[in-house]
Amino acid sequence: MYQEIILEHYRRPLHAGLREPFDAQVQHVNPTCGDEVTLRVSLNGADGDPALADVSYEALGCSISQASASVMADMIIGKTVGEAMAISEEFLKLMQSRGEAEPDESVLGDAVAFEGVSKYPSRIKCALLGWMAWKDATARALGERAGTAVAAGHNGDREQS
Amino acid sequence: MTAQREMISGDVTTGAAVAPVGRAPLDVEAVRRDFPILGRAVRGGNDLIYLDSGATSQKPRQVLDAERDYYTTRNAAPHRGAHLLGEEATDAYENSRARIAAFLHASPGEIVFTKSATESVNLVAYAMSNAATFGPEARRFAVGPGDEVLVTEAEHHANLVPWQQLCERTGATLRWFGVRPDGRLDLSNADELINSRTKLVAVTHQSNVTGVVPPVAEIAAAAHAHGALVVADGAQSVPHQPVDVTRLGADFLVFSGHKMLGPSGIGVLWARRELLEAMPPFITGGSMIEVVRMEGSTFLPPPARFEAGVPAAAQAVGLAAACDYLDALGMSNVAAHEEALTAHALKALSGMSGVRVLGPLDTDHRGGAVSFVVDGIHPHDVGQVLDELGIAVRTGHHCAWPLHRALGAQASTRATFYVYNSLDEVDALADGIRQAQEFFGGESAGAA
């Protein structure tokens, strides 16, 4: 489970820290262990499929949750929301695979290292914490743009600040 | 408050009935043979080292057999039906109540079966919110604006959130004792916190995180001087130390069956009989009523008033068998055995660099929950490494989030001990922590 790549991201997380400017900020908590992540999203570019100008975060948690947030930020910054959402869906599928998936490295990049986590149901939430926060923040940022209050995507573990 | 240590029930340090010097209080190998699950292998083919009894205990064959025997020979709905099985089921259920009462030095009429310690706390909390509309006898339980409910920062969420909610429903004010850096309650402002506005004090009888055994009798005496009621959370004390409700000081004691070798799905509320007689019901429905008319209903005397629905008779029988099992070992021996394990663990862990134990480092008024933080390694990761070695521990905040905040820990890893644990298993825990340090160590890691 603890691939070297996970330990690397854990020890030296990429894109960590909260930065300005941002369009939306969320705080998500894993209530079973108290792990938390505060995450900001900054969008720019075309109205149709805006790009992620920045994803910044502050994570307090285990190696899996911190490394996952680091890998995620590194993969999706600069991508369009649509592209990032596709990666996110693929990652969710991997996490729900119970170790039976053959992850597509061309889509998931470093995130394939989390394959082993899917065999440990109690740790899947750790790996997903950052991703769920990102989805929520992005939905809010898009809602702001559209000038409407958008109900964020469902996430059973979400706790808004 | 003046110290009344001799008043504290279940003093884990007295060890009155401990076996002669030089002999261990329990024959762990013999005990282990009674627990089938301890024979199974876990990850990597390792033997199971179960250090999570604070969450739920394992079950001896005697408890499993008692439940099975009930289902195979006497199963029926107690207190209903005119048939033989119904009578035998009723006897089995009520005899179990009497057995559990004897375990606590209580009367059977003071034992209410619930599904858990959590439900027992909620029963009292909802009885209090129902009191305002239940006639003059129940008025003493009513709380409202200007009244205070006093808890502690050390509580399990089960003995905290129901009181927060009671205050929100009624307008009463929630107040709390803080904890000192060593995890013991800060009672320095007790004279101010316990006052004429205090209607109820809810306090743990043994912390599920630090193992601290607060001076419940001393707190209760101060509360009673102001006419307040006292609830003791015995979820971690009743399984692990001798508890005598006549010496406890509290008016209510709650605990769960599954943490004391019994089945899941059964809990207990003990309360002084005169309180139960005046308390409004919480859950209503069948088997707790006296007369039902379309216009309204009257209710049975306790404990039936608090046991709506077909009761968990097999679980009650199993819990009574657990009391038999524990009494055969001797609760003083159980406490002495756990004290030895705890002392060994505290010595091993407090001597390790990079490991901080939450709670007292001695076994004085301290039970066998040893929670700790490993510098630079998140509890999830510590727990994962231990799991790979076959060692089952709890990680997270253990349903005591405010206590973790007060002790400056985001989360912790917790080992809890019971009758089937050995000193070797404590050594394996210490070795496992060292392996986690080696695995994640070397470089400064990012986690707190």
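Helix 2 of chain A is mostly covered, since 13 of its 14 residues are buried. This description rests on a predicted model.

**Helix 2 of chain A**

At 1.5 Å a residue, the 14 residues of helix 2 of chain A should span 20 Å, and the end C-alpha atoms are 20 Å apart, so expectation and model agree. After helix 2 of chain A comes A:G78, which has a positive phi, near 95°.

Which residues join helix 2 of chain A to helix 5 of chain A? From helix 2 of chain A, the contact is made by A:I64, A:S65, A:S68, A:A69 and A:M72. Helix 5 of chain A contributes A:R123, A:C126, A:A127, A:L129, A:G130, A:W131 and A:W134. By class, this contact has eight nonpolar, three polar and one charged residues.

**Two helix pairs**

Two packed helices are described by the angle between their axes and the distance between the axes.

| Helix pair | Angle between axes | Distance between axes |
|---|---|---|
| Helix 2 and helix 5 of chain A | about 35° | 8 Å |
| Helix 2 and helix 10 of chain B | about 145° | 8 Å |

The crossing of helix 2 and helix 5 of chain A is right-handed. Helix 2 of chain B likewise passes helix 10 of chain B in a right-handed crossing. In chain B, helix 2 supplies B:Q62, B:V63, B:A66, B:E67, B:Y70 and B:Y71 to the contact, while helix 10 supplies B:A313, B:A314, B:V317, B:G318, B:A321, B:A322 and B:Y325. Sorted by class, the contact of these two helices of chain B has ten nonpolar, two polar and one charged residues.

**Chain A as a whole**

Chain A has five helices and three strands. Read from the N terminus, these elements follow the order α-β-β-β-α-α-α-α. The C-alpha atoms of chain A fill a box of roughly 40 × 35 × 30 Å along the principal axes. A compact globule of 161 residues would have a radius of gyration near 15 Å, and chain A, at 15 Å, agrees with this. Of the 161 residues in chain A, 42% are buried. Among the contacts in chain A with a separation of 6 or more, 59% join residues 24 or more positions apart.

A:S42 lies in strand 2 (residues 35-44) of chain A. Is A:S42 buried or exposed? It counts as buried because A:S42 has 20 C-beta neighbours inside 10 Å. Leaving aside residues up to four places away in sequence, A:S42 touches A:P21, A:F22, A:D23, A:A53 and A:D54. A:S42 and A:L52 are ten residues apart in sequence, and their C-alpha atoms are 6.0 Å apart in space.

**The contact between the chains**

The contact takes 14 residues from chain A and 15 residues from chain B. On the side of chain A that touches chain B, the elements that give two or more residues are helix 1 (4-11), helix 2 (63-76) and helix 5 (121-146). The residues on this side of chain A divide into seven nonpolar, five polar and two charged.

**A buried glutamine in chain B**

B:Q410 is found in the loop between helix 13 (401-406) and strand 15 (412-416) of chain B. B:Q410 counts as buried because it has 20 C-beta neighbours inside 10 Å. B:Q410 and B:M128 are 282 residues apart in sequence, and 34 Å separates them in space, C-alpha to C-alpha.

Notes:
Residues are numbered from 1 along each chain as its sequence is written. Chains are lettered from A and ligands numbered from 1 in the order in which they are written. This is a predicted model: local features need pLDDT of at least 70, side-chain atom pairs count only at pLDDT 80 or more; totals for chains, interfaces and linings use all residues. Two residues are in contact if their C-beta atoms, placed from the backbone, lie within 7 Å. Helices (H or I, at least four residues) and strands (E, at least two) are DSSP runs, numbered from the N terminus. Ala, Val, Leu, Ile, Met, Phe, Trp, Tyr, Cys and Pro count as nonpolar, Asp, Glu, Lys and Arg as charged, and the others, Gly among them, as polar. The radius of gyration is taken over C-alpha atoms; the globule rule is 2.2 Å times the number of residues to the power 0.38. A residue is buried if 20 or more other C-beta atoms lie within 10 Å of its own, exposed if 12 or fewer, and partly exposed in between; C-beta atoms are placed from the backbone. The expected span of a helix is 1.5 Å times one less than its number of residues. Axes are lines fitted to C-alpha atoms, for helices over the stretch in contact, and angles run from 0 to 180 degrees between N-to-C directions. A crossing is left-handed if the near helix is turned anticlockwise from the far one by less than a right angle, and right-handed if clockwise.
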